[in-house]
Amino acid sequence: MDMPYAVTTRTSASAIALILGLSVLALLFAAPAFVSRGLIQDLFFILTMLVLAQFWNLLAGYGGLVSVGQQAFVGIGAHALYGSVILGGADPVSALLLSGAAALVLAVPTAFFAFRLHGAYFAIGTWVIAEVARLIIAQWHAVGGGTGTSLPRDALREMMLVSWVQDTLGVRASAARDILAYWLALALAVATIAGIYWLLRSKRGLALAAVRDNTEAAKSVGVDAGRMKWLVFLTASFGTGIAGGLIYLQKARISPDAAFSVTDWTAYVIFIVVIGGLGTIEGPILGVLVFFALQSLLADFGTWYLMALGLAGIAVMLFAPRGLWGLISERTGLQLFPVQRRLTGGLLAQSNRKET
């Protein structure tokens, strides 16, 4: 009897990775019960940078949209959170959705103009729009203008779930806020990776890959290239805005220069993706760990720290053009998040059964 054919992306390595991933996730969730507050803050930084890197990778690695203006969505998302809390009395946690919504609103005119540019002009155009957004926000005196402001103490003290964390873990209010922000970052990172993986495994993922590789060829087989670019750009902007709101919720203070910093929220993110592996989900995960390790080891060396990051990036591009994960995958064939479709069943399955 003939075995039916089936298309699958699952591999034995991905099944093992799923089990290990769930174990690591459980450990990370329980971490506040047995690790120091300093480590929780470090993990928060890693998770939020991972979210930013995954969304930039979705843009550039899968959509072919190399943006250097993602700091616009970090900044607008963070300021939207502060504005809703200071002016509207919103709870900071629930205001995170407003951060994403504000970034989405900014993304529409940004895409309208930027999509008329290509290549390096697109990258420069997104940076210019981010600078314009920074200058406009700097005139918003209700949230501190150019000098910035802090979240009201009452809003921080009465923030949703903080008292529950205090009672559950027996910690002070400041530590409880850090733990809550960390758990939110963990949830956002998991949702981001799972959502991107789901997208890449869907029919839209195939269409996105076709647009990235050759836009005209994709159009010739019926792919709506413009619609795919809009989908990816708006999705990345929404997620980046939420991440920006969460980052500055944890910091509890904001200024336009910091929130719209091209170095902190775009240059470092590009570095993470490039050294980890562009166009892979695993790449940003590996890249953010390498970035954090380099930052921890070299941050005290001033400008030498930035030079070391640059040299590391150049070395990876020369000796591992596909990034560190690309090099590992090329030599081992390992894929923790496989998206390539494989045909199983039929004559292949019958031959495998006869061999066994």
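Predicted model: local features only at pLDDT ≥ 70, side-chain atom pairs only at ≥ 80, totals over all residues.
View 1. Helix 5, residues 120–137, is the element that gives the most to the patch, with five residues.

**View 2. A network of salt bridges links Glu131, Arg134 and Asp257.** Stay with helix 5 for this one, since arginine 134 and glutamate 131 both lie there, three residues apart, or about one turn of the helix. Residues three or four places apart in an α-helix point the same way, because there are 3.6 residues a turn. The side chains of arginine 134 and glutamate 131 meet in a salt bridge, at 3.1 Å from N to O. Arginine 134 also has a salt bridge with aspartate 257, again 3.1 Å from N to O.

**View 3. Aspartate 178 and arginine 37 form a salt bridge.** A search of the whole structure finds four salt bridges, and here is one whose closest N and O atoms are 2.6 Å apart. Aspartate 178 belongs to helix 8 (residues 173–201) and arginine 37 to helix 2, so the pair links distant parts of the chain, 141 residues apart. Are the two partners buried or exposed? Aspartate 178 is buried, with a relative accessible area of 7%, whereas arginine 37 is partly exposed at 39%.

View 4. Zoom in on phenylalanine 233 and, leaving aside neighbours within four places in sequence, you will find it in contact with Leu59, Leu65, Phe73, Ala107, Thr110, Ala111, Phe115 and Phe122.

**View 5. Leucine 208, a buried residue of helix 9.** Leucine 208 lies in helix 9, residues 203–213. This leucine counts as buried because its relative accessibility is 2%, under the 20% cut-off. Beyond residues up to four places away in sequence, leucine 208 touches Leu58, Tyr62, Gly63, Leu200, Met228 and Val232. For a handy distance to check, the C-alpha atoms of leucine 208 and glycine 64 are separated by 9.0 Å, though the two are 144 residues apart along the chain.

**View 6. Helix 11 from end to end, and the residue that follows.** Helix 11 runs over residues 225–251, and at 1.5 Å a residue its 27 residues should span 39 Å. Its end C-alpha atoms are 39 Å apart, which agrees with that expectation. Next comes alanine 252, with a positive phi near 70 degrees.

**View 7. Serine 84 in helix 3.** Helix 3 covers residues 71–88 and holds serine 84, which counts as buried at 13% relative accessibility. Not counting residues up to four places away in sequence, serine 84 touches Gly89, Ala90, Ala95 and Leu98.

Technical notes
Residues numbered from 1 in each chain as written. Heavy atoms only, no water. Helix = DSSP H or I, 4+ residues; strand = E, 2+ residues; numbered from the N terminus. Buried < 20%, exposed > 50% of the residue type's maximum accessible area, 1.4 Å probe, protein only. Contact = heavy atoms within 4.5 Å. Expected span 1.5 Å × (residues − 1).
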